[in-house]
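Subject: Structure handover

Hello,

Here is the structure we spoke about. Please have a look, then read the notes below.

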Amino acid sequence: MSDPKLSKLEFAIMDTLWTRGESSIREIQEGFSAKRRPAYTTIQTTVYRLEAKDVVRRIRKVGNFHIFAAAISRTSAQSRLIDDLLALFGGRTQPLMAHLIESGKLTLDDIRDAEKTLRKLGRKARP
């Protein structure tokens, strides 16, 4: 099964679970800054939707609340997001790379790391 698409709020909730680990809905809500903290019921509904998508799972019940954990990795979710972004450019990476360079968000260190990864992949591809 491929990883489902995540909305901005879903991704923020997942980020809390990836960072803090197992959490209750209240703990997830408290992971947001006070300025932009969604209502408890908004977090609850969204967590239940993530559970239905098999992205989050209930670990256990403590008193009258449940503890949830991420069922997919951050890397997996990020890969899906990047693949969706590249699909908007017809699979071409050049427009995205050009934007990152022009906006100053891509550093020489990032490029060196990318070159190392490409070299490793090139070695693995050779018989």
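A word on terms first: axes are lines fitted to C-alpha atoms, for helices over the stretch in contact, and angles run from 0 to 180 degrees between N-to-C directions. Helices (H or I, at least four residues) and strands (E, at least two) are DSSP runs, numbered from the N terminus.

This is a predicted model, where local features need pLDDT of at least 70, side-chain atom pairs count only at pLDDT 80 or more, and totals for chains, interfaces and linings use all residues. Residues are numbered from 1 along each chain as its sequence is written, and side-chain values use heavy atoms, without hydrogens and water.

The helix pair: α1 (residues 8-20) packs with α4 (residues 74-88) at about 155°, and their axes are 11 Å apart. The two are therefore roughly antiparallel (angles over 145 degrees). Contact means heavy atoms within 4.5 Å. Phe-11, Asp-15, Trp-18 and Thr-19 of α1 meet Arg-74, Ala-77, Gln-78 and Leu-81 of α4.

The sheet: it is open, has 3 strands in the order β1-β3-β2, and pairs antiparallel. Strands pair if DSSP finds at least two bridges between them. β1 (23-24) and β2 (56-62) are the edges with a single partner strand each, so one side of each has no neighbour in the sheet. β2 and β3 (residues 65-70) share 6 bridges. Arg-58 is opposite Phe-68 in β3.

Helices on the sheet: α1 lies across β1, β2 and β3, at about 85° to β3. α3 (residues 40-52) touches β2 and β3, and its direction makes about 120° with that of β2.

Best wishes

Terms used:
Parallel < 35°, antiparallel > 145°, perpendicular 65-115°, else oblique.
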